[in-house]
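Subject: Structure handover

Hello,

Here is the structure for you to look over. Please open it alongside this note.

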Amino acid sequence: MVLAVAGVRTGEPGSSGRGVELIHKFTALPGVEFKYVIDPDRRYLPPAAAIAEKVQGRAPKQETDFRRVLEDKDVDALLVTTPDHWHAPMPILAAKAGKHVYVEKPLTRTPWEARLL
């Protein structure tokens, strides 16, 4: 399964955000590869890509706009580890693009978002 993780954050060397944690967890599963790390802040992309490369032996692409990743037919799923206000819009667009979605809790912020999703 080819994945992309959105919302990857790393701070100083040695620290990690939830997205980086999931890179470690998912790459431990057989047949999983991260093709992209996604964050609108470019500062966080190289450290996250380096961690993924160390774990999987191949560097993922670095992207600031998750919508471009959804256009990639090779990507099977999007892991959403973003701030809560993105927990509904990103999965809705990913599902429309035919992708599987993993979303950190809370799934949505409102009942209306849940109905849309």
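Below is what was found, beginning with the ground rules.

This is a predicted model: local features need pLDDT of at least 70, side-chain atom pairs count only at pLDDT 80 or more, and totals for chains, interfaces and linings use all residues. Residues are numbered from 1 along each chain as its sequence is written, and side-chain values use heavy atoms, with hydrogens and water left out.

Helix pair

Helices (H or I, at least four residues) and strands (E, at least two) are DSSP runs, numbered from the N terminus. Two packed helices are described by the angle between their axes and the distance between the axes. Helix H1 covers residues 18-27 and helix H2 covers residues 45-56. They pack at an angle of about 15°, with their axes 10 Å apart. Axes here are lines fitted to C-alpha atoms, for helices over the stretch in contact, and angles run from 0 to 180 degrees between N-to-C directions. H1 and H2 are therefore roughly parallel to each other. The cut-offs: under 35 degrees is roughly parallel, over 145 roughly antiparallel, 65 to 115 roughly perpendicular, and the rest oblique.

The crossing of H1 past H2 is right-handed. That label applies if the near helix is turned clockwise from the far one by less than a right angle; anticlockwise is left-handed. On the H1 side, the contact (heavy atoms within 4.5 Å) is made by Val-20, Ile-23, His-24 and Thr-27. H2 brings Ala-48, Ile-51, Ala-52, Val-55 and Gln-56. By type, the contact residues divide into 6 nonpolar, 3 polar and no charged. Ala, Val, Leu, Ile, Met, Phe, Trp, Tyr, Cys and Pro count as nonpolar, Asp, Glu, Lys and Arg as charged, and the others, Gly among them, as polar.

Take Val-55, in helix H2. At 34% relative accessibility, Val-55 counts as partly exposed. Buried means under 20% relative accessible area, exposed over 50%, and partly exposed in between (1.4 Å probe, protein chains only). Leaving aside neighbours within four places in sequence, Val-55 is in contact with His-24 and Thr-27. Its C-alpha atom is separated by 8.5 Å from that of Ala-28, 27 residues apart along the chain.

Cores

A nonpolar core is a set of buried Ala, Val, Leu, Ile, Met, Phe, Trp, Tyr and Cys residues joined through side-chain atoms within 4.5 Å. The largest has 15 residues. Those with the most contacts inside it are Leu-3, Val-5, Ile-23, Phe-26, Phe-34, Val-37 and Leu-79. Strand E1 (2-6), H1, strand E2 (33-38), H2 and strand E4 (77-80) each supply at least two residues of this core. Apart from it lies another core, of 13 residues, including Tyr-36, Ile-38, Val-69 and Val-80.

Val-69 sits in helix H3. It is buried, at 1% relative accessible area. Beyond four places in sequence, Val-69 is in contact with Ala-4, Tyr-36, Ile-38, Glu-63 and Val-75. Val-69 and Ala-94 are 25 residues apart in sequence and 9.4 Å apart in space, C-alpha to C-alpha.

Leu-78 lies in strand E4. Leu-78 is also buried, with a relative accessible area of 1%. Among the residues it touches, not counting those up to four places away, are Ala-4, Ile-38, Phe-66, Met-90, Ala-94 and Val-101.

Which residues of helix H4 (residues 89-96) are buried? Met-90, Pro-91, Ile-92 and Ala-94. They pack against E1, helix H3 (66-70), E4, strand E5 (100-103) and helix H5 (111-116). H4 is followed by Gly-98, whose phi is positive, near 80°.

The loop between E5 and H5 holds Pro-106. A cis peptide bond joins Lys-105 and Pro-106, with omega about -5°. Leu-107 is in the loop between E5 and H5. Leu-107 is partly exposed, at 47% relative accessible area. Not counting residues up to four places away, Leu-107 touches His-87, Ala-88 and Leu-117.

Best wishes
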